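Trainee: I would like to go through the labels used for this model one by one. Where do we start?

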Amino acid sequence: MVRGVFAVVVALMLSSCSHGTEISEPQINVHPDEAFTLEVGQTADVEQGRLRVTFEKVLEDSRCPADVVCVHAGNARIALDVVHDGTPADIQLDTRREAVSAVVGDFVIARVALHPYPISERPQTEPSVYEATLKVTRR
């Protein structure tokens, strides 16, 4: 009987500890015309949440390593989850191709940099360690 009561008490304690402990993504507040850096999964609020930009992931990274001479520079493409005035949009930005910026409502989101830059000793970068530097401006 004591074991049964003890098991119930422990189960209740564990369930109460896990309740309400959701981990939320780190979030930063930025102003237009201000460059900011996001880690994968991180969100930036522009103008008190009027525009929310989340760095989802790197879709492609074929950039030439910094310590190598290549015929082609290569490209990196990132995926952003954007919400403008409550309307969601998925955006992809490139480092070398035509999509280095995107218009969302009355904002322009531009990719400034993507780190780390590849080097020949580290040809593959873990997806979770990327950081994208972006800049949001008004149209």
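Mentor: Start with accessibility: buried means under 20% relative accessible area, exposed means over 50%, and partly exposed is in between. Keep in mind that this is a predicted model.

Trainee: Why is Asp85 called partly exposed?

Mentor: Asp85 has a relative accessible area of 46%. That value falls between 20% and 50%, so the label is partly exposed.

Trainee: What makes Arg50 and Asp85 a salt bridge?

Mentor: The cut-off is a side-chain nitrogen of Lys or Arg within 4 Å of a carboxyl oxygen of Asp or Glu. For Arg50 and Asp85 the N to O distance is 3.1 Å, so the pair qualifies. Arg50 lies in the loop between strands E3 and E4, and Asp85 in the loop between strands E5 and E6, so the pair ties together parts that are 35 residues apart in sequence.

Trainee: Which label does Arg50 get for accessibility?

Mentor: Arg50 is partly exposed, because its relative accessible area is 24%.

Trainee: How do you know that Asp45 is buried?

Mentor: Its relative accessible area is 8%. Arg52, at 29%, is partly exposed.

Trainee: What makes Asp106 and Arg138 a salt bridge?

Mentor: Their closest N and O atoms are 2.8 Å apart. The limit is 4 Å, so this pair counts as well. Asp106 sits in the loop between strands E7 and E8, Arg138 in strand E9, and the two are 32 residues apart. Asp106 has a relative accessibility of 25% and Arg138 one of 40%, so both are partly exposed.

Trainee: Why is Gln48 called exposed?

Mentor: The relative accessible area of Gln48 is 74%, and the label needs over 50%, so Gln48 is exposed. Gln48 is in the loop between E3 and E4. Its phi is positive, about 55°, although Gln48 is not a glycine.

Trainee: Where does Asp33 lie, and is Asp33 buried or exposed?

Mentor: Asp33 lies in the loop between strands E1 and E2. At 54% relative accessibility it is over the 50% limit, so Asp33 counts as exposed. Asp33 has a positive phi too, near 70°.

How values were computed:
Residues numbered from 1 in each chain as written. Predicted model: local features only at pLDDT ≥ 70, side-chain atom pairs only at ≥ 80, totals over all residues. Heavy atoms only, no water. Buried < 20%, exposed > 50% of the residue type's maximum accessible area, 1.4 Å probe, protein only. Helix = DSSP H or I, 4+ residues; strand = E, 2+ residues; numbered from the N terminus.
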